[in-house]
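Please read the points below with the model open. They are meant for someone who has not looked at it before.

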Amino acid sequence: MAAGLLASIETSAGGTWRLAGCRDYWSKYELGWHVAPTANQHDAIAAVELALTEAERLAAAR
C-alpha cells in the first residue's frame, strides 16, 4: 500500500484543503481519501485507517 499527501487545493477564500490517500501499489485501487485543512500525523493516520477499513470491506465481500 502506498500513502502520501496527494494534493493541496487552495480555496477562493484563501484557505487550503489537503487530500491524503492510500492506493494499492499493484492494482492501483484507491483505498481511501482523507480531506482536511491540515497536513499532520493525525491526518496521515486517518487516511491509513480509512484505507484499512476499505481493504477489510473488500476482503469480506469476496
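1. In which strand is His 34 found? The model is a predicted one, and in it His 34 belongs to strand β3, which covers residues 30-36. Is His 34 buried or exposed? Its relative accessible area is 18%; because the limit for buried is under 20%, His 34 counts as buried.

2. What surrounds His 34 can be listed. The side chain of His 34 has a polar contact, at 3.0 Å, with the side chain of Asp 43. Once neighbours within four places in sequence are set aside, the residues in contact with His 34 are Arg 18, Leu 19, Ala 20, Asp 43, Ala 46, Ala 47 and Leu 50.

3. How many salt bridges does the structure hold? There are two. As background, side chains that carry opposite charge can pair when their charged atoms come close.

4. Arg 23 is partly exposed, at 38% relative accessibility. Glu 30 is also partly exposed, with a relative accessible area of 33%.

5. Another salt bridge links Glu 54 and Arg 57, whose closest N and O atoms are 2.8 Å apart. Where do these two residues sit relative to each other? Both are in helix α1, residues 41-61, and because they are three residues apart there, about one helical turn separates them. Glu 54 is buried, at 16% relative accessibility, whereas Arg 57 is partly exposed, at 46%.

6. Trp 26 is placed in the loop between β2 (16-23) and β3. Its relative accessibility is 76%, and it counts as exposed because the limit for that class is over 50%. Trp 26 is 30 residues from Glu 56 in sequence, and their C-alpha atoms are 17 Å apart in space.

7. Which residues form a nonpolar patch on the surface? They are Ile 9, Trp 17 and Val 35, which together have about 280 Å² of accessible area. Of these, Trp 17 is found in strand β2. Trp 17 is partly exposed, with a relative accessible area of 40%, whereas Trp 26 is exposed.

How values were computed: Residues numbered from 1 in each chain as written. Predicted model: local features only at pLDDT ≥ 70, side-chain atom pairs only at ≥ 80, totals over all residues. Heavy atoms only, no water. Salt bridge = Lys/Arg side-chain N within 4 Å of Asp/Glu carboxyl O. Buried < 20%, exposed > 50% of the residue type's maximum accessible area, 1.4 Å probe, protein only. Helix = DSSP H or I, 4+ residues; strand = E, 2+ residues; numbered from the N terminus. Polar contact = N/O pair within 3.5 Å; in protein donor to acceptor, adjacent residues only side chain to side chain. Contact = heavy atoms within 4.5 Å. Patch = residues over 30% accessible without salt bridge, like charges linked within 9 Å, V, L, I, M, F, W, Y side chains within 5 Å. Areas by Shrake-Rupley, 256 points an atom, 1.4 Å probe, with all protein chains shown as cover.
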